[in-house]
Amino acid sequence: MATINPCPLCGGNCKPFANTTLTIAHHLWSDRVTGLSGCQCERADCAELHLDDDSQHRYAAASDALVLAARRHAGQELRRIRRKLKLTQADAARLTGGGHNGFSRYEKGVTQPLPAVINLFRLLDRHPEMLGELLPDRSVPQAA
Ligand SMILES: [Zn+2]
């Protein structure tokens, strides 16, 4: 029988749980981590979740992997759209304000772009004719 330990945060009863799935999220992406165990504080004003060491390690590793995968995915999407729009990385940096190397860092997955950057490029992906309003000195790419 599992014993009820005090919550490390507030000292309330921490009710054990096992084989639980938690969802992790990062910007527009999410993933699920299964088979987690630990305890959850029963005090309504705390309700803190405390994972066992092994679960904590797996949860942290999954969170790190999600962050890296999200950056890679965002970078690939931004590169695809930038090339479709026939923009240089310098043009893209002018649009997004990230400095002259900023867009390169997005595309390489080094830096996570803000959702606003991804959303702008998704809009331009669907409406490339709007590029002429943002960069009037650029000619508008022809639809494929
Ligand atoms: Zn607590």
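**Zinc site, sheet and helix packing in a predicted model**

Cys39 stands opposite His50 in strand S4, where strands (E, at least two residues) and helices (H or I, at least four residues) are DSSP runs numbered from the N terminus. The model is predicted, so that local features need pLDDT of at least 70 and side-chain atom pairs count only at pLDDT 80 or more, while totals for chains, interfaces and linings use all residues. Residues are numbered from 1 along each chain as its sequence is written, and side-chain values use heavy atoms, with hydrogens and water left out.

Strand S4 covers residues 49–51 and contains His50. His50 is buried, at a relative accessible area of 16%; buried means under 20% relative accessible area, exposed over 50%, and partly exposed in between, with a 1.4 Å probe and protein chains only. Leaving aside residues up to four places away in sequence, His50 touches Cys7, Pro8, Leu9, Cys14, Phe17, Gly38 and Cys39, contact being defined as heavy atoms within 4.5 Å.

The protein donors of the zinc ion are the SG atoms of Cys7, Cys10, Cys41 and Cys46, at 2.3 to 2.4 Å from the ion. Donors are N, O and S atoms within 2.8 Å of the metal (3.2 Å for Na, K and Ca), and sites may look incomplete because water is not among the atoms. The angles subtended by the four donor atoms around the zinc ion are 96 to 115°, and the arrangement is therefore tetrahedral. Four donors count as tetrahedral if all angles lie between 85 and 135 degrees. For four tetrahedral donors the ideal angle is 109.5 degrees. The spacing of the donor residues in sequence is C-x2-C-x30-C-x4-C. Cys7 is buried, with a relative accessible area of 3%, whereas Cys10 is partly exposed at 29%. Another donor, Cys41, is 28 residues from Asn13 in sequence but 5.7 Å from Asn13 in space, C-alpha to C-alpha. Asn13 is found in strand S2 and is partly exposed, with a relative accessible area of 45%.

The four strands form an open sheet in the order S1-S2-S3-S4, with antiparallel pairing. Strand S1 (5–6) and S4 are the edge strands, each pairing on one side only. Two strands are taken to pair if DSSP finds at least two bridges between them. S2 and S3 pair in the antiparallel sense over ten bridges, and Ala25 stands opposite Ser30 in S3. The hairpin of S2 and S3 has two residues between the strands, and in this hairpin His27 takes a positive phi near 50°. Strand S3 (residues 29–41) and S4 are antiparallel and joined by three bridges; Gly38 stands opposite Leu51 in S4.

Positive phi values also occur elsewhere. Most residues other than glycine have a negative phi. Asn19, in strand S2, has a positive phi near 50° and is exposed at 65% relative accessibility. Lys86 lies in the loop between H1 and H2; its phi is positive, near 60°, and Lys86 counts as exposed at 58% relative accessibility. Gly97, which follows H2, has a positive phi near 75°.

Helix H1 lies across strand S2 (13–26), S3 and S4, and runs at about 160° to S3. Axes are lines fitted to C-alpha atoms, for helices over the stretch in contact, and angles run from 0 to 180 degrees between N-to-C directions. H1 also packs with H4, at an angle of about 40° and with the axes 10 Å apart. The crossing of these two helices is left-handed, a term that applies if the near helix is turned anticlockwise from the far one by less than a right angle. Ala74, Glu77, Leu78, Arg80, Ile81, Arg82 and Lys84 in H1 meet Val117, Ile118, Phe121, Arg122 and Asp125 in H4.

In helix H2 (residues 89–96), the buried residues include Asp91, Ala92, Ala93, Leu95 and Thr96. Their cover includes helix H1 (53–84), helix H3 (102–108), helix H4 (115–126) and helix H5 (131–134).

Conventions: Tetrahedral: all angles 85-135°; square planar, octahedral: opposite > 155°, others 65-115°.
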